[in-house]
Amino acid sequence: MAGIIKFPKKNIEEDSPDKVRWTYKDRIRSHKMVIIYRLLLVIALVCAVTVAAYLQSRNRSYETCEVTSSADNHSIRTENQLDLDGYVLSYGMDGAACVDSSGAAMWNITYQMQEPLISVQGDMAAIGDYGSRTVYIVNTAGSVGQITTTLPIYKFCISKSGEIAVVLGDTDITWIYLYNTDGDILAYFKTTMRQSGFPMDLSISPSGKLVGVSYVYVDSGEMRSRVAFYNFGDVGQNETDNYVSGYDYMGIVIPTICFMDDENVYAVADDRIMFYRGAEKPVSVAEHLVSDEIQKVFYDEENVALVFFSDQAEYRNRIEVFDKSGNMVDSRETTMEFRGLVMKDDIVYVYSESRALIFRVGGVTIYDGTLPRSTYLLVPGNRAGRFTTINSATVDTVTLR
C-alpha cells in the first residue's frame, strides 16, 4: 500500500500581504537610519576638524614675517598717524588726510592749528585746536561737518554716531556742550569749582546717550576727584543737568575716563583703575589698585591695557590687560621700548620702529621679532597673521610666516 505523502501546510501568515508590506517598511526605515547615522558622522567629523583647525589657529606661533605687498606713501602726513577703523588717518598743524590699507588716498582737508587735538571712535574722528572755536568732523569717507563755539575749546570727544561733547572755558564757569554733526546744540550744562570741580577728562558713549566726566576739586584743603555720568536720553530728562550717577575719591587725580561700549566704562587714576557698568545709570563694578606708576593706557571694546616700567632688570616694560569686568586676564614683560599698542579680537599688537610683540590675551605669543621695514604705525588686519605697517616712504602689508 502506497504511503500517503503529506505536504506541509502553507504558512499563510508569513506570506500574507501585510507581512510583506511590514518587511518593506522595515527596510526603508533601516535605510533611512543608515543615511542619518552617516550624515551625523560626517557632521561630527566636520565639527571635529573645524574645532581642531580653530584651536590650532588660536595656538599658532610664527617665526618670521615679510612684506607681501607695498605701495608708495604719498598721502600720509608724517606728524601724527592713527588707525581709523582699518584706515590710516594722519593729521598735523595745517591739515589731515586719510588712506586705505593699500595706501590709496581717500581724502584730505586743510586748516591752520597751533595745538591740534583729536578724538576717534569707530570710523568717526574730530579734530580741533586747543583754545580755538572750531572742531572738524570726519570719517573714512571724508568730511562730515564742523561745529563752531562761542567760547574757547579745552577738550572734546566724539561718539560712533557723530555726537560731540565739548568742554568750553569761561572766566569762572566751565561749560559742557553736546553737538550733532551739523553743529546744532543738543544739550549743555555748566560746572564750577565750587559745585563739581574742574573737568580733567570726558568721554561719550558710542550711541551718544551717556557722557562721563572726571573732575578734580578741593574740599577742606584736601584734593578730591569725582566721576560723574550724564544721561541725555529719556532717563536723564527728569534729572538736574541730566546727572544720573557719580562717585567721589579722596587724594587722587583721574586724568582718563573712557567708554568701551554703550554700557562699560573705565577710568584711570594715579594709583588705580576703576570700572563702571550700566546703559542708563552706570555703577561701579570693580577697582584695581596698582603700586607702580601707569605710563600709558590703551583699550578696545573688550580689554584695557596698562603699561608700566618693569621692576625686573632684564625687561623694560610690563603690560597688564584687564577685561571690562575689571579682571586681570594677562600680564607680560617685554624688553621693547615700544612706539604703540593696539588691540583687536583679543589680540594685542605691541610695536616699536623695528620690532613687534603680538600675543593673544590669556594665550600664546603669536610673534616676537623684528619687522621687515621701519614702522610709524601698525594697523591690524582681518586675521592674526596679517597687518599693515606705515612709514614715511611706504604702506606695507606684512604677513607672518
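**View 1. Salt bridges across the chain.** Count them up and you get 18 salt bridges, where a salt bridge means a side-chain nitrogen of Lys or Arg within 4 Å of a carboxyl oxygen of Asp or Glu. Side chains of opposite charge can pair when their charged atoms come close. This is a predicted model, so local features need pLDDT of at least 70 and side-chain atom pairs count only at pLDDT 80 or more, while totals for chains, interfaces and linings use all residues. Residues are numbered from 1 along each chain as its sequence is written, and side-chain values use heavy atoms, with hydrogens and water left out.

**View 2. Asp-201 and Lys-155 pair up.** Their closest N and O atoms are 4.0 Å apart. The partners sit 46 residues apart, Asp-201 in strand 14 and Lys-155 in strand 10 (strands are DSSP runs of E, at least two residues, numbered from the N terminus). Asp-201 is buried at 12% relative accessible area, but Lys-155 is partly exposed at 29%. Buried means under 20%, exposed over 50%, and partly exposed in between, using a 1.4 Å probe and protein chains only.

**View 3. Glu-287 meets Arg-272.** Here the N to O distance is 2.9 Å. Arg-272 is buried at 14%, and Glu-287 is partly exposed at 41%.

**View 4. Lys-324 and Glu-302 link two loops.**

Terms used:
Helix = DSSP H or I, 4+ residues; strand = E, 2+ residues; numbered from the N terminus.
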